[in-house]
Amino acid sequence: MDKNTQDIEKINFEQALKELETIVKNLENGTIPLDDSLENFENGIKLIRRCNFLLDNAEKKVKKLTRAETGEVIEEDFTAD
């Protein structure tokens, strides 16, 4: 695993999103060499995967409220069922 991948695995969602926005701007600008564009694209894919991983983990932690048949509000762990 290269250093860049290790760095990406340590950043939080906001950092990953900010880096992804920078990459998108660079790619849209079109002024960087092809090799750099490909490297940016690869890093962007890694950042997207990191964001998805963090969002999935956050979703698993979300609590949902449900009502029992008696009308009582019950708190339970969120499941993606």
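**Questions on a predicted protein chain**

Me: Does Glu42 count as buried, partly exposed or exposed, and at what relative accessibility?
Reply: This is a predicted model, in which local features need pLDDT of at least 70, side-chain atom pairs count only at pLDDT 80 or more, and totals for chains, interfaces and linings use all residues. Residues are numbered from 1 along each chain as its sequence is written, and side-chain values use heavy atoms, with hydrogens and water left out. Buried means under 20% relative accessible area, exposed over 50%, and partly exposed in between (1.4 Å probe, protein chains only). Because its relative accessibility is 48%, Glu42 counts as partly exposed.

Me: Which helix holds Glu42?
Reply: Helices are DSSP runs (H or I, at least four residues) and strands likewise (E, at least two), numbered from the N terminus. The protein chain has three helices and two strands, in the sequence pattern α-α-α-β-β. Glu42 lies within residues 34-61, which form helix α3.

Me: What is the relative accessible area of Asn4?
Reply: Asn4 belongs to helix α1, residues 3-8. The residue counts as partly exposed because its relative accessible area is 30%.

Me: How many Å apart in space are Asn4 and Asn43, C-alpha to C-alpha?
Reply: In sequence, 39 residues separate Asn4 and Asn43. In space, their C-alpha to C-alpha distance is 8.1 Å.

Me: What percentage of the residues of the protein chain count as buried?
Reply: The protein chain has 81 residues. The share of them that counts as buried is 17%.
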